[in-house]
Amino acid sequence: MKWVKVANRMNNYYKTPKHKGFDSKFEYDKYQELEILLKAKKIKELWIQYPLDLIVNGYLVGKYIMDFVILHNDKTIELLETKGLATDLWKYKYRILKAMYAKHEHVKITVEFQKSWSRKTVQKEPIPKKLPKGYVPQF
């Protein structure tokens with residue numbers, strides 16, 4: 001499968017296998033691992049891009065799209081999120097989600113971060129503290 005470059009702020013790659021969209025190659029790779037576990041009957045069910053309502057004191061304060069919801073064979077539910085970069089908005093929503101499911105013993109929340117995430121930065125020539133006469137920076 002070929003990954004198509006998408007111009008967005010995170011420099012992610014998109015691919016839609018079986019008409020299911022994933023936000024990154026890392027998320028798609030995790031999906032493939034979970035599909036193998038599902039076929040081997042190590043897990044009972046798998047839901048992808050599952051919408052959850054964020055409710056605080058009876059009020060709907062937002063929505064959260066969980067990457068994967070896994071029903072294990074022992075009837076426990078795992079909410080699995082794959083992350084490349086933790087934004088401030090994600091951190092806020094994640095705290096609300098953790099507070100909502102803190103008392104539920106059968107629900108486990110897991111976050112897997114991409115190990116080698118880094119933004120592409122432009123290498124600039126270091127500027128010395130004292131510039132020599134006639135110094136012209138190269139661009």
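Q: What does Lys83 form a salt bridge with?
A: Its partner is Glu81, and the closest N and O atoms are 3.8 Å apart. Bear in mind that this is a predicted model.

Q: Are Lys83 and Glu81 buried or exposed?
A: Buried, both Lys83 and Glu81.

Q: How many salt bridges does the count come to?
A: Four. Lys30 with Glu112 is one of them, with 3.1 Å between the closest N and O atoms. That pair links distant parts of the chain: Lys30 sits in helix α1 and Glu112 in strand β6, 82 residues apart.

Q: And how covered up is Lys30, buried or exposed?
A: Lys30 has a relative accessible area of 13%, so it counts as buried. Glu112 is partly exposed, because its relative accessible area is 29%.

Q: Which pair involves Lys63?
A: Lys63 bridges to Asp53, with the closest N and O atoms 2.8 Å apart.

Q: OK, let me step back. What's the overall layout, in order from the N terminus?
A: The elements run β-β-α-β-β-β-α-β. That comes to two helices and six strands.

Q: What share of the residues counts as buried?
A: 27% of the 139 residues. The accessible surface is about 10800 Å², and 56% of that belongs to carbon and sulfur atoms. As for contacts with a separation of 6 or more, 45% are between residues 24 or more positions apart.

Q: Now the inside. Which residues make up the largest nonpolar core?
A: There are eleven, including Leu52, Leu54, Tyr64, Met66, Trp90, Tyr94 and Leu97. Strands β3 and β4 and helix α2 each supply at least two residues.

Q: Which element gives the most to this core?
A: That's α2, with four residues.

Q: What does Tyr64 touch, leaving out residues up to four places away in sequence?
A: Quite a list: Tyr50, Pro51, Leu52, Leu54, Glu81, Trp90, Lys93, Tyr94 and Leu97.

Q: What's in the second, separate core?
A: Nine residues, among them Tyr31, Leu46, Phe68 and Ile70.

Q: Switching to aromatics. How many aromatic pairs does the structure hold?
A: Four. One of them is Trp90 with Tyr94: the ring centres are 4.9 Å apart and the planes are at 15°, so the pair is stacked. Both residues lie in helix α2, four residues apart, which is about one turn of the helix. Trp90 and Tyr94 are both buried.

Q: How are the rings of Trp90 and Phe113 arranged?
A: Edge-to-face, 6.0 Å from centre to centre with 85° between the planes. That pair links helix α2 to strand β6, where Phe113 is found, across 23 residues of sequence. Trp90, Tyr94 and Phe113 form one aromatic cluster.

Q: And why does Phe113 count as partly exposed?
A: Because its relative accessibility is 44%; buried would take under 20%, and exposed over 50%.

Q: What about Gln49, what's its phi near?
A: Near 50°, again positive in a residue other than glycine. Gln49 lies in strand β3 and is partly exposed, with a relative accessible area of 26%.

Methods:
Residues are numbered from 1 along each chain as its sequence is written. This is a predicted model: local features need pLDDT of at least 70, side-chain atom pairs count only at pLDDT 80 or more; totals for chains, interfaces and linings use all residues. Side-chain values use heavy atoms; hydrogens and water are left out. Buried means under 20% relative accessible area, exposed over 50%, partly exposed in between (1.4 Å probe, protein chains only). Contact means heavy atoms within 4.5 Å. Accessible areas come from the Shrake-Rupley method with a 1.4 Å probe; for residues, only the protein chains shown count as cover. Rings of Phe, Tyr and Trp (its six-membered ring) pair if their centres lie within 6.5 Å; planes under 30 degrees apart count as stacked, over 60 as edge-to-face and the rest as tilted. A nonpolar core is a set of buried Ala, Val, Leu, Ile, Met, Phe, Trp, Tyr and Cys residues joined through side-chain atoms within 4.5 Å. A salt bridge is a side-chain nitrogen of Lys or Arg within 4 Å of a carboxyl oxygen of Asp or Glu.
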